[in-house]
Structures are given as C-alpha cells and as structure tokens.
Amino acid sequence: MTFKYISVFLLIFLYLTQLRSAFSTSPIFYFFSVLGLGVLLLDIINNKVNKDVFTIILINLLMVLIQIISFAFNGQGDFYFIREIVLYNFISILFCLFFYKINVNNKIQYDYIKIIAFAVLLQLLLSFYAFLNSSFFDLLFTAFPLNLGFGKLDEFAEIRMVTLGTPFFGSAILSSVVILILAQKINNNKETDFKLFLSFIVICALSILSARTAIIAVVFSLFVIFSNKKNSYKYFFMSILIFIAIYILSKSISLSNRFTDFVDFGFEFIYNYKNSQASESVDGVTEMLSVVPGDIKTWLIGDGYYKASNGVQYYKNIDVGFLRSIFSFGILGLSVFIFLNIFIVYKINKDYMSAKTKLLIFICFMLLMVKGLANIFPHLMLVYTLSLINKNMSNNNDINRNTIL
C-alpha cells in the first residue's frame, strides 16, 4: 500500500466522518479546506474556476441572501441555517477543490468508490467495537470527541451504536449516499466482487444499527444491485451464505443483554413494530408534521429561526427537515436548497452514477427530509469531484478548461 493511497484514504476518511480532535471543536478536514481556499483564489485570479463549481457557489450564496431577507422582513431570527448548512457546504467545496488539485497535479487515480466504501466500513467497525468494549469506547471518543449539542454520550451508548464522527441522523445521511453509490459500483462490475459485496452487507447492517433511517437506502440499493440480471443470482446466494455465517457466529458467541438491546434498536421494527422504538419515532414525526405555518408570510419567507432561543433545540421543537427549512426561510429557501442537491446529482458523470441511482438518491433525500434536515450535498460534492478526477485522467482534460468566462 503506497503512501499516496494511504494519504487519499485518510483525506476521504476525515472528510466523510467529520472527525474532530480533542484539541479543536472543528472537524480535522477544515485544515485542508483552508488550503482549498487558496486554490479557489488562484483559480479566480487566473480565470480558471469551473462553471459548475461557480454555479454551486452562487446557489449557496442565494440561500444566504434569502435568509438575510427573511431576517430583515421579520426583524428577528437567527443564522444557524447559514452557519450549520451553508457554511459547511462552502467548507466542503473548498476541501473538494484542494482534493482535486492534489490528485490531478500528482496524477493520482484510484478506485475511489472502493476507498469511500472502506472508509465508511472502518468508521462503522471502529464504532461497533467501541460499543462492545467500554475501554476502547472511552479511548476512541476521548481522542475524537463528538459534538452532540446536548445529552450525554454514555446515555446514548446504552441503547444504540454511537458512530464515530457523524452520529445518529448524520450517520444515516452519510450511509444512505454511500450505500447507493456502492450498489451502483457492484451493479457495474462485470464480475462478482465478494470482498466489495461483503463490505456492502456489513455497511448496510451496521448503518441500520446506528440509525434506523438508513433502511430506506438499503431497500433502494437492492433494486440497483439486483437490476443486473447477469450477476443478481450470484449476489442472492452470496447474501444467503453471509447471513448463515452471521447467524452461526452469533449463536456461537455468548451475547450480552446490552447487545440484544442494541439489535432490538435496529431491527425490532421488523418483527415487533407496534412496541418498537421505530413506532414511537414515526408517531413523533407524524405529530411534528401537524405543526405548520399559520400565515402566508411564514410559508413564503419563514420566521427567520432555525433553532430555539437556546441555540441547541429545534425551533418549535420540530425535527422535520421540510418544516425546519420553511420556518427558517420559507418555501423560497427550501426550493433553493432542494435545487442545490438536484443540481449536484445531475452534474455527476453518468459513468460514475447512473440515472436510476441518481433518481433513487434524490427520492431517498426527500424521504430523509421528512425525518430531519438531510444535507447530502457535501457527500455528493465529493462524488462529483471524484468523477471529475476520473474524467480528467481518462480524457487528459483539465477541469479548468470549462471556466466561467
């Protein structure tokens, strides 16, 4: 394994997991985004900014403008949406610009989808082992603390697997995108790849144990994989063998009550939905959906608030992504936010992501928005960047040739 490969793997791992060190509240990959800012400034000076990247930046700036209009019109509000979503999008863009330059200038080209898969697999396996081993749990989350906002880490860990870097709903968002692009990769392979498929199965299982919402992407991914009639029967039999092996292994190991509770958290809804935590979660979402704006002004430009006055809890105690966006900056802002994700999905090279997978990712995004604010843009921005790197290497055509002027 070369130094270049390890470097690329670490960069992708840090970006996707959003790991924070014990010495800073910001994710580690922010450091590389600072270097990306230098790349962007040089591209602007030399008129080498890619048209699509320029458009993406403008769309994000448009959300900032709409939020400011909402604040000015209401005479009050906050800028948490800009801080947590739009600013994070900008930092992600800068990182991707840096990552592109490093790979292209050094003529680096790998199977990036596999690297993404193994990065997320490592994240989930470390998290899973931390759940089983309390000493490792303390060591891992002391070195890489989580920004939970409120609530105690130990209390969350009692009932569910706490994912390293991006816990809870953030883990569901990341896993959903990765599961679908990995399914696309498996579908594209002319020959079956057992190692990759096994990684896919493990990622699917651990993602659900971390955040049940990931089941949506898991179901969609099966449509992608089994649409390849040539290899579908092979994957079907491999799935049976893998699950038999897991069943035998689980029976041969003495499972603790804590582990049983952990499995119940992820899968109880399948065999005991009525009494499961998933049922309570669905009831909570249904109750939130009944809280809607009461006037035209709020529907159009929002109340200007994304969070409650304490800066931690949700405005009006609503977690639903659609409603949070509307209350923050109205249907106008929500429409721009949705368009941003449509645009980046559309711009990903079709050889890297088929039209079918793009559609499923968008549908998955819309369903996730019912549960919470699903910002899939940073993950899609990385996939878009990787597709440009591959295109550049294949066609020897630099991104800078397609400039804004």
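The accessible surface of the chain amounts to about 19,300 Å², and carbon and sulfur atoms account for 65% of that area. The model is a predicted one. Its secondary structure consists of 17 helices and zero strands. Of the 405 residues in the chain, 52% are buried.

**Nonpolar cores**

The largest nonpolar core has 116 residues. Those with the most contacts inside this core are Ile12, Phe81, Phe99, Tyr112, Ile116, Phe200 and Met381. Helix α4, which spans residues 80-105, gives the most to the core, with 15 residues. Apart from this core lies another, of five residues, including Tyr315, Ile318, Leu323 and Phe327.

Phe81 touches residues from several places in the sequence. When residues up to four places away are not counted, Phe81 touches Met63, Gln67, Val86, Tyr306, Ser325, Ser328, Phe329, Phe337 and Leu373.

**Aromatic rings**

The structure holds 25 aromatic pairs. One of them joins Phe9 and Phe13, whose ring centres are 6.2 Å apart; the planes meet at 10°, so the pair is stacked. Both residues lie in helix α1 (residues 3-17), four residues apart, or about one turn of the helix. Phe9 is buried, at a relative accessible area of 16%, and Phe13 is also buried, at 7%.

A second pair, Phe95 and Phe98, has ring centres 6.5 Å apart and planes at 55°, so this pair is tilted. Phe95 and Phe98 are three residues apart in helix α4, again about one helical turn. Phe95 has a relative accessibility of 0% and counts as buried; Phe98 is buried with 9%.

Phe95 and Phe98 also belong to a cluster linked by ring pairs, together with Tyr15, Phe29, Tyr30, Phe31, Phe32, Tyr88, Phe99 and Tyr112. Of these, Phe99 and Tyr112 are also listed among the residues with the most contacts inside the largest core.

The charged end of Lys307 sits over the ring of Tyr80, at 5.4 Å from the ring centre. The charged end of Arg324 sits over the ring of Tyr306, at 4.1 Å from the ring centre. Tyr306 is also one of the residues touched by Phe81.

**Salt bridges**

A search of the whole structure finds five salt bridges.

| Salt bridge | N to O distance | Lysine | Aspartate |
|---|---|---|---|
| Lys101 and Asp43 | 3.9 Å | Lys101, buried, 17% | Asp43, buried, 8% |
| Lys185 and Asp111 | 2.7 Å | Lys185, buried, 18% | Asp111, partly exposed, 30% |
| Lys297 and Asp303 | 3.2 Å | Lys297, partly exposed, 27% | Asp303, buried, 12% |

In the bridge between Lys101 and Asp43, Lys101 lies in helix α4 and Asp43 in helix α2 (residues 30-45), so the pair ties together parts that are 58 residues apart in sequence. Both partners are buried, Lys101 with a relative accessible area of 17% and Asp43 with 8%.

The side chains of Lys185 and Asp111 meet in another salt bridge. Lys185 lies in helix α8, whereas Asp111 is in the loop between α4 and α5 (112-132), so this pair ties together parts that are 74 residues apart in sequence. Here Lys185 is buried, while Asp111 is partly exposed.

In the bridge between Asp303 and Lys297, Asp303 counts as buried and Lys297 as partly exposed.

**Glycine 165**

Gly165 is placed in the loop between α7 (153-157) and α8 (169-188). Although in a loop, Gly165 counts as buried, with a relative accessibility of 10%. Gly165 and Leu19 are 146 residues apart in sequence, yet their C-alpha atoms are 4.6 Å apart in space. Leaving aside neighbours within four places in sequence, Gly165 is in contact with Thr17, Gln18, Leu19, Arg20 and Leu146. Thr17 is the residue at which helix α1 (residues 3-17) ends.

Technical notes: Residues numbered from 1 in each chain as written. Predicted model: local features only at pLDDT ≥ 70, side-chain atom pairs only at ≥ 80, totals over all residues. Heavy atoms only, no water. Helix = DSSP H or I, 4+ residues; strand = E, 2+ residues; numbered from the N terminus. Buried < 20%, exposed > 50% of the residue type's maximum accessible area, 1.4 Å probe, protein only. Areas by Shrake-Rupley, 256 points an atom, 1.4 Å probe, with all protein chains shown as cover. Core = buried A, V, L, I, M, F, W, Y, C linked by side-chain atoms within 4.5 Å. Contact = heavy atoms within 4.5 Å. Phe/Tyr/Trp six-rings, centres within 6.5 Å; stacked < 30°, edge-to-face > 60°. Lys NZ or Arg CZ within 6 Å of the ring centre and 35° of its normal. Salt bridge = Lys/Arg side-chain N within 4 Å of Asp/Glu carboxyl O.
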